[in-house]
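Thanks for asking me to look this one over. Please have the model open beside you as you read.

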Number of protein chains: 2
Amino acid sequence: MGALGFAPSGATHRAREPSMDFSELKSVCCGCTIRELCLPAGLTDQEVLLLDQHMSHRQPVKKGESLYRTGDTFKSLYAVSTGFFKTSILHEDGRAQVTGFQMAGEILGLDAISADRHVCDAVALEDSVVCEVPFDRFEELGQLMTNLQRRFNRTLSREIVRDQGVMLLLGSMRSEERLAAFLVNLAKRFSARKQSSSELVLRMTREDIGSYLGLKLETVSRLLSRFHDEGLLAVRGRNIQILNADGLNRLVGAA
Amino acid sequence: MGALGFAPSGATHRAREPSMDFSELKSVCCGCTIRELCLPAGLTDQEVLLLDQHMSHRQPVKKGESLYRTGDTFKSLYAVSTGFFKTSILHEDGRAQVTGFQMAGEILGLDAISADRHVCDAVALEDSVVCEVPFDRFEELGQLMTNLQRRFNRTLSREIVRDQGVMLLLGSMRSEERLAAFLVNLAKRFSARKQSSSELVLRMTREDIGSYLGLKLETVSRLLSRFHDEGLLAVRGRNIQILNADGLNRLVGAA
DNA sequence: AGGTTTTTTTGATAAAGATCAAAAAATTGT
DNA sequence: ACAATTTTTTGATCTTTATCAAAAAAACCT
């Protein structure tokens, strides 16, 4: 489990460079550009160092690979360092429901704490890097660092709030509102990561979006075309440019 | 905030008797019949006593009253002792989405940890009693009692799993599957509380059920009538008897 | 108990989104 | 670079569930 796979690509940013050999690098979090969006958020430098040296461990995941699957025993949480994931739960009869899309700084595996087994699949939608956080050691550290434990409680609670937002979306919104809400949310998260909030490069298929939003892929495609015709978006396959952010926001808020 | 309201009704069970004066009673959790379904689950007697004496505090909530509302500052979690609650989030435009129904042993307020504000309304659907758990003291206790903290992490994670189950329901299931899943889930929870799992007394309106399931109240009513006609249920207003549990389960699992 | 309000049921109709189908576009593997 | 595969778009039609409406039933209030 060292630095596997991934050909060097000549980039210079540490956080964007999957091929570096991190096994020698003690302080992964300390130099991470998205530190404040991730588990170390709000910790002092010393605390981050402690978190870092005792537990973090980087691991590449190639596009299409599963980080974990339903039923796997739970050992670690994973913080997305770079890349993009989707999580989905499966119903007996083969139906799947995408429960979320995770980008840099977001934590995967929180649902597995409950029963020591993963209850969803996490699949990389592009070549990605995650920081592995062995949970038993993390819990020990939480007992030593009040601040870390408190932050972690909030992380868990934030996921509950996010999920309830999805419930609102699925339970009360019409298709166009759902899609608008989805795009606005993506844009906001890109923006928080200093990426363009108007030029979205979608990593997931229309089917993934549809599953997440409780719609069929054809409906998603039609809605994107309509938003395009209405001048809200410029849609070129998975490249989506937001032309009228106010208009989108109005769709989300409106009755 | 001692023993407010609620006329005595002559019952003998402590956990079912809202009018008792609990301010003198030090060990609320210790004698609680649903202790193993609640926060103290898995703690030793000594640990429960510690949790109990330092933090629990009982409080009646009358039918129709709010335990807290969206925007209230977060101070405490609440464990339902007896009774029945619903939680709902509101969209700007007045639309509301019911996010859950809580019964004895279940915890209210977990979503508020995230931002120190409640993000939903919690309303009692019948005269109820809750145990108030001041969260700052609870967090301190978690730092002292590893076991409590670990259990609490699981409680939070379990709520995430529950929410994702609702996403599956709302995103991938048809109306009849949703309603069947809802009834099966209620029955299971009643059963865990030693109440009949075939004679359900619903505490919520058809509209509440509809909101939770992403359906209109008329649809819920029609479905109940259909299940009745098909011999799956006996429906008499809010009294619902499950006549064919296997049939219901088949509806939930089937394609 | 009796009048008022709320909730539930049921019917008729409408609308949103699903399904089926097929071509176009994009991506992938070699 | 090219053939194979996957994804996306668009059209025609069908199904499910929402909407509108009104009566029946239940719950509430004083």
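1. A word on the basis. This is a predicted model, in which local features need pLDDT of at least 70, side-chain atom pairs count only at pLDDT 80 or more, and totals for chains, interfaces and linings use all residues. Residues are numbered from 1 along each chain as its sequence is written, chains are lettered from A and ligands numbered from 1 in the order in which they are written, and side-chain values use heavy atoms, with hydrogens and water left out.

2. Let's start with DNA strand C. It has 18 residues around it, and the closest are Ser175(A), Thr219(A), Arg206(B), Ser221(B) and Ser225(B); a residue is near a strand if one of its heavy atoms lies within 4 Å of it. Of the atoms of DNA strand C that come within 4 Å of the protein, 64% are sugar and phosphate.

3. Two elements give two or more residues to the surface near DNA strand C: helix 6 (217-229) of chain A and helix 6 (217-229) of chain B. Helix 6 of chain B has the largest share, with 5 residues. Helices are DSSP runs (H or I, at least four residues), numbered from the N terminus. By class, this surface has 3 nonpolar, 6 polar and 9 charged residues; Ala, Val, Leu, Ile, Met, Phe, Trp, Tyr, Cys and Pro count as nonpolar, Asp, Glu, Lys and Arg as charged, and the others, Gly among them, as polar.

4. Now for DNA strand D. Among the 18 residues around it, Arg206(A), Ser221(A), Ser225(A), Ser175(B) and Thr219(B) come nearest. A polar backbone atom of Arg206(A) is 2.7 Å from a phosphate oxygen of DNA strand D. Bases are approached too: a side-chain N or O atom of Arg222(B) is 2.9 Å from a base oxygen, and a polar side-chain atom of Glu218(B) is 3.4 Å from a base nitrogen. The largest share of the surface near DNA strand D, 5 residues, comes from helix 6 of chain A.

5. How do helix 4 and helix 6 of chain A pack? Helix 4 (residues 175-192) meets helix 6 at an angle of about 75°, with their axes 10 Å apart; axes are lines fitted to C-alpha atoms over the stretch in contact, and angles run from 0 to 180 degrees between N-to-C directions. That makes the two helices of chain A roughly perpendicular, a term for angles of 65 to 115 degrees. The contact (heavy atoms within 4.5 Å) includes Leu179(A) and Leu183(A) of helix 4 and Leu223(A) and Phe227(A) of helix 6. Its residues divide into 7 nonpolar, 2 polar and 2 charged.

Key: A polar contact is a pair of N or O atoms within 3.5 Å; within protein, one must be able to donate a hydrogen and the other to accept it, and residues adjacent in sequence count only if both atoms are side-chain atoms. Angles under 35 degrees count as roughly parallel, over 145 as roughly antiparallel, 65 to 115 as roughly perpendicular and the rest as oblique.
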